[in-house]
Amino acid sequence: MSIESIKKHPVPAGFEAALVTPGDYARLYAESISDPAGFWGREGRRLDWIQPYSRVKDTDFTLGQVSIKWFEDGILNASVNCIDRHLPRRATQTAIIFEPDDPNQPARHITYAELSDKVNRFANVLLSQGVMRGDRVVIYLPMIPEAAYAMLACARIGAIHSIVFAGFSPDALANRINDSGAKLVITADTAPRGGRKTALKSNTDAALLHCSDRVRCLVVKHTGDQTSWIEGRDVDVLKLMEEVSPDCPPRPMGAEDPLFILYTSGSTGKPKGVVHTTGGYLLYAAMTHQYVFDYKDGDVFWCTADVGWVTGHSYIVYGPLANGATTLMFEGVPTWPDAGRFWAVCEKHRVNQFYTAPTAIRALMGQGPEWVEKHDLSSLRVLGTVGEPINPEAWVWYDKHVGKGRCPIVDTWWQTETGGHMITSLPGAIETKPGSATLPFFGVKPVVLDPQSGVALDGDGVEGVLCIADSWPGQMRTVWGDHQRFMETYFQQYPGYYFTGDGCRRDEDGYYWITGRVDDVINVSGHRMGTAEVESALVAHEKVAEAAVVGYPHPLKGQGIYAYVTLMNGVEPSDGLRAELEKWVRTEIGPIAKPDLIQWAPGLPKTRSGKIMRRILRKIAEDDFAALGDISTLADPSVVDELIENRMNRH
Ligand code: WT7
């Protein structure tokens with residue numbers, strides 16, 4: 001189906017009273033672009049400030065001096081904005097609904113008053129362990145309320161949290177603890193998910209062998225499973241929370257003080273620590289959460305992401321709680337105990353807004369609509385998707401079977417770096433097209449550039465690379481400890497613009513269609529993976545001489561990981577070795593990095609100067625090698641025939 005043949009879906013009936021109407025969108029968007037300081041100066045008052053800002057925007061995209069500051073002289077505390085300010089009106093309202101992995105265990109409803117108590121106590125525990133303002137705290141927790149408590153407790157005392165997704169390996173955890181220079185890591189004994197358990201504490205023990213012995217370990221005894229215990233290093237956080245005071249005064253923080261670091265993959269081997277700051281990030285998360293999901297008081301909001309990813313930061317914790325919302329935290333997986341779990345949870349908690357990833361939709365679509373039809377989904381009002389382009393087939397299924405044609409679908413394009421939604425429809429204001437993220441959010445100025453010349457392509461019906469022409473409050477400020485790398489990664493290739501790394505088409509209606517990454521990053525089930533990271537893990541194995549990793553289209557995951565591996569002289573390929581390498585990558589990085597296909601490659605296609613020609617490897621992995629283009633520059637063109645002959649992905 002060509003993009004141009006996809007028709008607009010009108011806004012469903014009942015959205016006349018949406019927070020943003022079509023007229024509002026046009027007017028506010030125009031204002032946000034023509035007068036950013038006026039627009040954001042007004043929007044900034046959504047937050048409670050200890051000292052109001054006088055300056056709104058001070059940003060510079062000039063290479064060599066990139067600097068991004070919003071509300072710079074304002075002083076606030078993020079935990080006050082997510083908790084304290086709601087207490088007069090919402091003390092007894094549920095802030096967090098916790099739905100455990102096991103559907104037979106009771107759900108927990110945590111009120112704002114209870115959230116306040118827990119976060120204050122947690123903050124006092126952190127202080128008792130010597131954590132100070134500006135210190136880094138790594139959080140390696142499953143999807144349990146304590147993850148939100150830990151985040152907000154850090155924010156309360158001005159410590160900078162860095163969450164490491166609980167699916168990452170001990171090595172990946174150790175690297176992040178070391179790169180951030182964290183004083184403390186917070187983990188849990190074990191984590192049930194889909195009826196199985198991950199041994200988080202023992203992973204943390206393994207990680208800490210590679211870290212300074214001054215790093216302390218707070219353990220949430222979540223399941224009560226036995227774990228090892230190192231006296232003097234390990235601390236039972238739940239026990240200590242009962243002993244400390246329930247009052248911890250919030251630390252006044254500058255708007256530009258870092259709120260958190262979140263590591264993400266890029267084109268090079270080492271993940272970078274994306275830094276978000278307090279004022280601009282929180283405002284942007286809150287505002288996008290409200291408008292994009294048409295969130296209204298009393299709604300129950302569910303984002304199925306993990307707090308280990310930015311989606312969880314912005315749309316499970318900070319955005320919803322800053323808005324005084326009820327946010328649902330789900331410990332489990334979509335397909336356990338059966339493929340109806342998501343819908344059972346929607347029914348049980350009367351969820352109003354549901355936000356998930358295309359990979360989950362495709363997986364559930366494959367199980368058949370009967371799993372959806374078993375449940376009463378009449379509470380749903382808005383559906384969202386994020387993480388990768390959604391194929392129109394999955395969009396249509398989502399609309400028909402989950403939304404029953406009544407719920408607008410917001411396809412939200414954004415990145416770890418952007419803090420919140422950037423290109424997305426708005427429920428009452430923007431007509432949708434299956435597969436398109438539609439139009440920019442307020443204050444966002446997308447531009448499509450010619451990839452070679454870097455010239456902006458004006459008008460509609462153009463395709464190129466996606467850049468953003470000016471700053472927005474949720475933008476990342478730097479790479480932790482490496483501002484140079486920040487500038488080089490995002491501002492060097494196309495001077496004057498923030499470069500997203502995505503390709504994009506603007507269609508005849510001015511709608512944006514993300515076509516996928518144009519760098520060496522691949523998107524596996526909505527998770528971002530640097531191909532260089534997987535390559536370095538593979539070559540670290542003693543039997544591997546060389547490795548090249550590319551993405552290929554995968555029916556469920558969006559993209560799969562395809563690895564070409566050259567073995568050391570004398571090592572024989574075998575299925576056993578293949579399994580060994582898969583396991584190796586799992587332990588080096590984590591299960592999400594496991595190659596889907598490994599092809600033994602006696603040689604890799606290289607130029608005479610020794611550069612691997614990934615374009616050719618991508619084509620072979622896609623099983624589309626008819627048009628390989630010019631291979632005459634290869635040092636040894638015959639390796640290509642060998643690779644085609646033994647390709648792993650055949651249609
Ligand atoms: C990359 C960012 C922040 C969301 C979670 C992933 C891709 C994200 C969409 C979408 C098409 C999308 C892009 C982007 N992406 N959302 N709605 N349509 N592509 O965050 O790990 O930082 O990955 O995910 O390629 O650059 P992330």
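Reader: Is Asp294 buried or exposed, and how do I tell?
Author: Count C-beta atoms, placed from the backbone: 20 or more others within 10 Å of a residue's own means buried, 12 or fewer means exposed, and in between is partly exposed. Asp294 has 22 C-beta neighbours inside 10 Å, so it counts as buried. Bear in mind that this is a predicted model, where local features need pLDDT of at least 70, side-chain atom pairs count only at pLDDT 80 or more, and totals for chains, interfaces and linings use all residues. Residues are numbered from 1 along each chain as its sequence is written.

Reader: What is the phi of Asp294, and where is the residue found?
Author: Phi is positive, about 50°, although Asp294 is not a glycine. Asp294 is found in the loop between α10 (278–292) and β16 (300–303); helices (H or I, at least four residues) and strands (E, at least two) are DSSP runs, numbered from the N terminus.

Reader: And how does Asp623 count?
Author: Asp623 counts as partly exposed because it has 15 C-beta neighbours inside 10 Å. Its phi is positive too, near 60°, and the loop holding Asp623 runs between α19 (614–621) and α20 (638–645).

Reader: Which residues does the cis peptide bond join?
Author: Trp336 and Pro337, with omega about -5°. Look for Pro337 in the loop between β17 (326–330) and α12 (341–348).

Reader: How many residues of domain 1 are in contact with domain 2?
Author: Contact means that the C-beta atoms of two residues, placed from the backbone, lie within 7 Å. Here eleven residues of domain 1 touch 13 residues of domain 2.
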